[in-house]
Structure formats: structure tokens, C-alpha cells
Amino acid sequence: MPHFGVPWIKAKIDTGAKTSSLHAFDLRPEDRDGLPWVRFEVHPWQASADDAVQVEAPVHDIRLVRSSSGHAEDRYVVLLPLVLGRREIGVEVTLTDRDELGFRMLIGREALVQGYLVDPSGSYLGGRPQRAVRRKNWGKA
């Protein structure tokens with residue numbers, strides 16, 4: 001999400017998920033000129049709040065989302081420009097607390113249908129971040 005100052009975030013491809021989701025902290029809805037917006041923080045590093053980035057986006061929708069564990073919750077949906085591989089695409093993203101999960105972001109089918117193929121035997125097929133970034137993301141910086 002380089003447009004928001006998040007150059008890299010560890011994400012998992014999830015073909016079982018329709019919509020992409022992002023770990024969003026401190027969600028604050030607000031009204032701007034009669035339109036709903038949401039302000040939130042992105043914590044790009046696993047198990048850390050270091051380098052938190054504040055993001056503001058118009059609310060695209062509010063949806064009832066059922067997690068893989070069966071828990072249902074209403075989530076804000078925002079449209080975000082994401083760089084996947086070497087291309088930038090617009091993606092619907094639900095905002096939720098993923099702090100206890102292994103990845104800060106899931107990339108769902110609606111994003112993948114924009115010209116991506118999934119190779120389940122591969123990992124980091126879009127390239128790996130630099131070693132210093134990987135170490136920081138694993139809490140070893």
C-alpha cells in the first residue's frame with residue numbers, strides 16, 4: 001500500500017476468502033461532508049505496533065463477514081490501491097482485528113480475479129523483501 005506509506009506488508013493468498021482483509025487498529029468512523037469515512041492504523045510488522053501508519057479512506061460498504069471459525073461481524077469495507085507482484089490494482093478490503101493471526105493481510109478471490117494465477121507449491125513468487133525488512137517483520141531487527 002505505497003500510497004499510504006506502507007511499502008510492504010506480509011500477506012497470505014486465501015482462495016477461500018471472497019474479499020481481502022487487513023489488520024486495522026483503532027478504527028474511528030467519521031463524517032466528511034455528509035459521507036462516511038473511516039480512520040485507522042495499519043501495523044505493517046507481525047506482532048508489533050512499530051511504524052504504525054494512519055490511513056483515512058471513504059467507507060465503500062459495511063458488510064457482515066463470517067470468518068473461517070464461524071464468527072460473524074460487521075466490517076467496514078474500503079477500496080485500496082495495492083501492489084501485488086509488479087502491478088497496482090484496486091481492491092475491496094475489509095477492516096478487522098487480525099492481531100492474533102499469522103498474517104496482517106489476506107488477499108481474497110476478488111483481488112486475484114484481476115489477472116493472477118495461484119501456484120500452491122510456491123511462496124514469495126512476487127519477490128521477497130530485503131533481508132532487513134524480513135527480519136523486522138519477524139521481530140528480529
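**Contact range.** I looked up sequence separation among the contacts (heavy atoms within 4.5 Å). Among contacts between residues at least 6 apart in sequence, 52% join residues at least 24 apart. I note that this is a predicted model, in which local features need pLDDT of at least 70 and side-chain atom pairs count only at pLDDT 80 or more, while totals for chains, interfaces and linings use all residues. Residues are numbered from 1 along each chain as its sequence is written, and side-chain values use heavy atoms, with hydrogens and water left out.

**Elements.** I took helices (H or I, at least four residues) and strands (E, at least two) as DSSP runs, numbered from the N terminus. The chain has 2 helices and 9 strands. Their order from the N terminus is β-β-β-β-β-β-β-β-β-α-α.

**Surface.** I used the Shrake-Rupley method with a 1.4 Å probe for accessible areas; for residues, only the protein chains shown count as cover. The chain's accessible surface is about 8500 Å², and 51% of that belongs to carbon and sulfur atoms. I then applied the burial classes: buried is under 20% relative accessible area, exposed is over 50%, and partly exposed lies in between (1.4 Å probe, protein chains only). Of the 141 residues, 33% count as buried.

**Core.** I searched for nonpolar cores (sets of buried Ala, Val, Leu, Ile, Met, Phe, Trp, Tyr and Cys residues joined through side-chain atoms within 4.5 Å). The largest one has 24 residues, and Leu22, Phe40, Val42, Val93 and Leu95 have the most contacts inside it. Two or more residues each come from strands S4 (35–42), S5 (53–58), S7 (72–84), S8 (87–96) and S9 (105–107), and from helix H1 (109–112). In soluble globular proteins, nonpolar side chains tend to be buried together.

I listed the neighbours of leucine 95, leaving out residues up to four places away in sequence. Leucine 95 touches Leu22, Ala24, Leu27, Val38, Phe40, Arg75, Tyr76 and Val78.

**Strand pairing.** I counted two strands as paired if DSSP finds at least two bridges between them. Strand S2 (residues 20–23) runs parallel to S8, with 4 bridges joining them. Serine 20 has valine 93 in S8 as its bridge partner. S7 and S8 run antiparallel and are joined by 8 bridges. Leucine 84 stands opposite arginine 87 in S8. S7 and S8 form a hairpin with 2 residues between them, and glycine 85 in the turn has a positive phi of about 70°.

Most residues other than glycine have a negative phi. I found aspartate 26 with a positive phi of about 60°. Aspartate 26 lies in strand S3 (residues 25–32) and is partly exposed at 37% relative accessible area. Aspartate 33 also has a positive phi, about 50°. Aspartate 33 sits in the loop between S3 and S4 and is exposed at 82% relative accessible area.

**Isoleucine 62.** I located isoleucine 62 in strand S6 (residues 61–66). Isoleucine 62 and tyrosine 76 are 14 residues apart in sequence and 4.6 Å apart in space, C-alpha to C-alpha. Beyond four places in sequence, isoleucine 62 touches Asp74, Arg75 and Tyr76.

**Rings.** I checked for a charge over a ring (NZ of Lys or CZ of Arg within 6 Å of the ring centre and within 35 degrees of the ring normal). Arginine 32 lies over the face of tryptophan 37, at 4.2 Å from the ring centre.
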